[in-house]
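This report goes through charged side chains and their partners.

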Amino acid sequence: MERFLHGGPKKRLSTNNTLRRSPRKNMKLEMDGKINAEDEDVSLGEFLDPVPWQKIEAEGLDCDYALLFSKEEADALFKQLEEEVVYSTGEEAKVQVFGKVYNIPRKQATYGDAGLTYTYSGVKRSACTWTPTLEYIRDAVTKVTAQTYNFVLINRYRDGQDHMGEHRDDEKELDPSSPIASVSLGAARDFIFRHRDARGKQSSQQIEPVKLELAHGSLLLMNPPTNTFWYHSLPVRKKVLMPRINLTFRRILLDSKKVKKKAKRRRLLLTGLLIKRALV
């Protein structure tokens with residue numbers, strides 16, 4: 001198994017002192033850190049606080065990794081999320097796998113823009129209103145990636161017994177052109193990618209899994225086409241005794257038909273209200 005970031009071989013991983021700018025936009029800097037004149041057309045607000053990116057690549061896998069928050073800031077954010085986030089209970093705390101329903105081995109919550117829903121594992125989840133801390137983290141991610149997000153799935157792991165099985169984030173609601181941004185706070189956990197053609201005993205190819213260790217305050221950007229070809233999981237690690245909170249920011253596509261229908265309904269209601277007022 002290829003291991004990246006903390007120990008083991010570091011193939012295809014940029015760990016030199018050169019800062020990689022946003023994976024989607026590059027900026028040329030002078031030695032003194034100032035922007036070249038030829039780059040003045042770039043939106044500077046997105047890159048005021050660049051972070052050193054590490055590139056992680058394999059066949060069909062394209063990820064970028066960085067430490068987004070200092071330990072002090074990550075500690076504070078973790079504490080604030082513990083106070084703000086309300087996790088799902090009841091049926092929303094269950095998952096459907098091959099027709100059977102199981103309790104989710106972690107806590108989950110969904111937040112985002114008003115009216116958004118996200119369906120996965122047979123359960124439809126509505127977005128709660130952004131909390132101040134979630135907005136802060138979302139904006140920090142946008143600042144360093146130049147990507148906007150309207151939804152976040154939060155997973156809280158009590159300790160190393162809580163886990164997540166192999167899956168791909170390839171639901172139809174997701175914008176296929178948008179990276180998924182995964183922010184980790186709390187205990188460091190192993191995160192494993194496995195190619196779709198190298199799973200199971202009857203696998204058609206011999207492709208090594210890729211193992212990462214996601215640190216406290218880190219950001220992992222899963223760029224297309226990663227979720228087309230690679231499954232990922234967070235396996236059980238019994239020696240991990242501390243909790244972890246993971247936030248995966250996503251861009252959900254708006255249903256144009258529903259949006260148009262709601263807009264038409266609002267226009268009709270407004271028209272009716274204006275007519276009533278005119279008759280009074």
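## A buried lysine and its partner

Lys 211 has a relative accessible area of 18%, so it falls under the 20% limit and counts as buried. The model in which this value was computed is a predicted one.

The side chain of Lys 211 meets that of Asp 190 in a salt bridge, with 3.7 Å from N to O. Because Asp 190 belongs to strand 13 and Lys 211 to strand 14, the pair ties together parts that are 21 residues apart in sequence. Asp 190 is likewise classed as buried, since its relative accessibility is 11%.

## Arg 250 and Asp 169

Arg 250 and Asp 169 form a salt bridge in which the closest N and O atoms are 3.7 Å apart. Distant parts of the chain are linked by this pair: Arg 250 is in strand 17 (residues 244-250), while Asp 169 sits in the loop between strand 11 and strand 12 (180-186), 81 residues apart.

With a relative accessibility of 3%, Arg 250 counts as buried. Asp 169 is buried too, because its relative accessible area is 8%.

## Glu 166 and Arg 199

A salt bridge of 2.8 Å, N to O, joins the side chains of Glu 166 and Arg 199. Glu 166 lies in strand 11 (residues 164-167) and Arg 199 in the loop between strand 13 (189-195) and strand 14 (210-214); the two are 33 residues apart, and the pair links distant parts of the chain.

## Salt bridges over the whole structure

Side chains of opposite charge can pair when their charged atoms come close. Searching the whole structure gives 13 salt bridges.

## A polar contact of an arginine

Arg 125 is located in strand 8 (residues 123-126). Its relative accessibility is 2%, so Arg 125 counts as buried. The side chain of Arg 125 is joined to that of Gln 108 by a polar contact of 3.5 Å.

## Confidence

How many of the residues reach a pLDDT of 70 or more? The share is 68%, and the mean pLDDT of the protein is 79.

Over residues 6-48, pLDDT stays under 50. For this stretch the model has 74 contacts beyond four places in sequence.

Methods. Residues are numbered from 1 along each chain as its sequence is written. This is a predicted model: local features need pLDDT of at least 70, side-chain atom pairs count only at pLDDT 80 or more; totals for chains, interfaces and linings use all residues. Side-chain values use heavy atoms; hydrogens and water are left out. Helices (H or I, at least four residues) and strands (E, at least two) are DSSP runs, numbered from the N terminus. Buried means under 20% relative accessible area, exposed over 50%, partly exposed in between (1.4 Å probe, protein chains only). A polar contact is a pair of N or O atoms within 3.5 Å; within protein, one must be able to donate a hydrogen and the other to accept it, and residues adjacent in sequence count only if both atoms are side-chain atoms. pLDDT is the predictor's confidence in each residue, from 0 to 100. Contact means heavy atoms within 4.5 Å. A salt bridge is a side-chain nitrogen of Lys or Arg within 4 Å of a carboxyl oxygen of Asp or Glu.
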